[in-house]
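Please keep the sequence and the model in view while reading, and look up each place as it is named.

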Amino acid sequence: MARIRRSPHFANGVFQNPGGPARTRPSGSGRDMAKQFLDKDARSRRAPKGAIPVHPTTLADLARLPATGLRLTWMGHSSVLAEIDGQRVLFDPVWGERCSPFPFAGPRRLHPVPLPLAALGPVDVVVISHDHYDHLDMPTIKELAGTDTVFAVPLGVGAHLERWGVSADRLRELDWQESTRVGGLTLTATPARHFCGRGLRNTQHTLWASWAVAGERHRIYHSGDTGYFEGFRDIGAAHGPFDATMIQVGAYSEFWPDIHMTPEEGVRSHLDLQGGGPGGVLLPIHWGTFNLAPHAWAEPAEWMTDAAGEVGQAVAFPRPGAPFEPGGELPDEPWWRPLVRPLPRAWSTGGPSPSEKARSGDLDLAGDR
C-alpha cells in the first residue's frame, strides 16, 4: 500500500485512468442491455455452431527453435506464449474451465485448452495484465507457483499471487513506465484504460497494464484489456515499433465503450504503436474463447479482417494452439466461418463505430445495431 499511495497514477484512494475518467460500469438503459443479451437470435450467434478447430499443440511444435527468433502461440482469449530471442514469455495464462470465482457458474470455455499446462515446458516469465478472472486465473497460477518462473505483474496484483503460493522473491511488481530485466528481456508496464477487481466491491487498489517486451532483436506488445486512448502513440514512440502486437478486440459493447476496444479501434491502436502506419503483425486476442459480451462469437474476427484490410495491415488468425512466426508465413485462413451464424451488418470503418457513437451521445441503444 505504501508503493500504491506513492504512485503518480493513484489519487483519491483509487488508481486513475489515462485520458481522464473511464466508465467502468455499463452505461445506457438496463432494459436495452437485457434486451440485447436475452434476444433469442443474438444469443444463438454468441457461440459457434460446431467444435472450434483447436490445434493440439505438441512438444514437436515447441521443441524446435523459431527460425526468425520470434514465435507466438495463441492459446485462446488473451493467453499467448511468446518465444522471443531465446526466452519464453507467457501472457495472461488462463487454463481454467470458467473465468469466474465459482467452479460451477460463470462464463465457460467454448473450446478446450490446446495442451496441458504441464506440457508447456519451462517458462522464463509469466506476465499478468490485471486481476480480472479472465486474465488472472487462480488454478493456473497455483500450478505455475510450483515452477521457478518469474512473475511480472502490475502494482498491487502481487498480493493475489503471494496468497496463492508465489514467493515474493519471484515477483516483479511494476507501476506504469517501470521496467524489469528477466534474462535478456526488458519488460515494461505501460498504461492501459481499464479497471480492476475480483469482487462486487471494486476498490481500484490494483493496477491494470499493457506490456512492452524487448529482446536483443525483437519487440512485442500485449495490450491486456483497454479502451482506445491517445497514449498508444506515446507507448509506440518509447518502446516500438513492434514486430508483433497482441491487441484486445473482443468483448466490446456500446454499453462499456471506455474500457474495451472494437476491431476498428484495435487496428487504430496498432497503427499508433507502429508510429502511424502499417507495420509488424497484429494478433487479435480476447475473442473466441469466452462469451463475455452481446456481440456475435466471430464478429471480432470478421470486423478485424475488414478494418485491417482497409489500411493494409498484416493480421494473423491462427487456430488456438497453432504456433506461427510473425517474420514468416502468417496464418490467415478464416477458419471460424463454417461455425458462424449470419452476422449483423458491420459498421463502415470509414465512419464512427458504435463505441464512438456512445461516447458522443449519438447512439440509440434500442435501435442502432
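Predicted model: local features only at pLDDT ≥ 70, side-chain atom pairs only at ≥ 80, totals over all residues.

**The chain as a whole**

- The chain holds 10 helices and 14 strands, and of its 369 residues 57% count as buried.
- Among the contacts in the chain with a separation of 6 or more, 70% are accounted for by residues 24 or more positions apart.
- The chain exposes about 15200 Å², and 53% of that area is supplied by carbon and sulfur atoms.

**Helices α8 and α9**

- Two packed helices are described by the angle between their axes and the distance between the axes.
- For helix α8 (residues 263-273) and helix α9 (residues 299-311), the axes come within 8 Å and cross at roughly 45°, which makes α8 oblique to α9.
- The crossing of these two helices, α8 and α9, is right-handed.
- On the side of α8 the contact is made by P263, E264, V267 and L271, while α9 brings P300, W303, M304, A307, A308 and V311 to it.
- Sorted by class, the contact of α8 with α9 has 9 nonpolar residues, no polar ones and 1 charged residue.

**D272, a residue of helix α8**

- D272 lies in helix α8, and it counts as buried because its relative accessible area is 10%, under the limit of 20%.
- When neighbours within four places in sequence are left aside, D272 is in contact with Y228, F232 and R233.

**L283 and its surroundings**

- L283 is placed in strand β14, which covers residues 281-285, and its relative accessible area of 0% means that L283 is buried.
- Leaving aside neighbours within four places in sequence, the residues in contact with L283 are L72, W74, V80, T245, M246, I247, A316, P318 and F324.
- The C-alpha atom of L283 is separated by 8.8 Å from that of Q248, a residue 35 residues apart from L283 along the chain.

**Backbone features in the loops**

- Most residues other than glycine have a negative phi, and most peptide bonds are trans.
- The bond that joins G240 and P241 is a cis peptide bond, with omega about -5°.
- H77, found in the loop between β3 (70-76) and β4 (79-84), has a phi near 55°, which is a positive value in a residue other than glycine.
- D85 also is not a glycine and has a positive phi, of about 50°; D85 lies in the loop between β4 and β5 (87-91).

Terms used:
Residues numbered from 1 in each chain as written. Heavy atoms only, no water. Helix = DSSP H or I, 4+ residues; strand = E, 2+ residues; numbered from the N terminus. Buried < 20%, exposed > 50% of the residue type's maximum accessible area, 1.4 Å probe, protein only. Contact = heavy atoms within 4.5 Å. Axes fitted to C-alpha atoms, helices over the stretch in contact; angles between N-to-C directions. Parallel < 35°, antiparallel > 145°, perpendicular 65-115°, else oblique. Left-handed = near helix turned anticlockwise from the far one by under 90°. Nonpolar A, V, L, I, M, F, W, Y, C, P; charged D, E, K, R; others polar. Areas by Shrake-Rupley, 256 points an atom, 1.4 Å probe, with all protein chains shown as cover.
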